[in-house]
Amino acid sequence: RCQGNSAGTKSILRLCARFINHASMSHRAQMAHGRFFQYLSTTPVGVELPFIGLVTVQGLVTASKVAATAAPVFLTFTLKAWGSEHGGGGDFKQCIQACIA
């Protein structure tokens, strides 16, 4: 959200872009502001966690897509394995309870 550049968003990046080469700034201030804008637009923003690294919104979206794709496969495999172990009997609730235990 802080680095969003979509139309209508309020972000540091969009606010910074508004003042590039602003007439009220000296040449030196414009250059410094330009460097700051370049830094802002190229530096990834997220939360740094130990052992995981930088967690970004895009990383979370990717992980969610992988989980949404893998969950049905895992569930199908688990249900088939549960059914073959128990002679084809058992229901979904028993399977989930066994997986959690």
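A residue counts as buried when its relative accessible area is under 20%, and as exposed when that area is over 50%. With this in hand, the predicted model can be read from its overall make-up down to single side chains.

The protein contains four helices and two strands, and from the N terminus on these elements follow the order α-α-β-β-α-α. Of its 101 residues, 11% are buried. The accessible surface amounts to about 8200 Å², with 65% of this belonging to carbon and sulfur atoms. Where contacts link residues at least 6 apart in sequence, 15% of them join residues at least 24 apart.

Gln30, His33 and Leu40 are its buried residues. Viewed down the helix axis, the buried residues fall within an arc of 80 degrees, so they line one face of helix 2. The partner for these buried residues is helix 1 (12-18), against which they pack. On the face turned away from the buried side, helix 2 carries the exposed residues His27, Arg28, Arg35, Tyr39 and Thr42.

The strands bring a nonpolar feature into view. Val47, Leu49, Phe51 and Ile52 make a nonpolar surface patch of about 490 Å². Of these, Ile52 sits in the loop between strand 1 (47-49) and strand 2 (53-55). Ile52 has a relative accessible area of 61% and is therefore exposed.

Key. Residues numbered from 1 in each chain as written. Predicted model: local features only at pLDDT ≥ 70, side-chain atom pairs only at ≥ 80, totals over all residues. Heavy atoms only, no water. Patch = residues over 30% accessible without salt bridge, like charges linked within 9 Å, V, L, I, M, F, W, Y side chains within 5 Å. Areas by Shrake-Rupley, 256 points an atom, 1.4 Å probe, with all protein chains shown as cover. Salt bridge = Lys/Arg side-chain N within 4 Å of Asp/Glu carboxyl O. Buried < 20%, exposed > 50% of the residue type's maximum accessible area, 1.4 Å probe, protein only. Contact = heavy atoms within 4.5 Å. Arc of directions from axis to C-beta.
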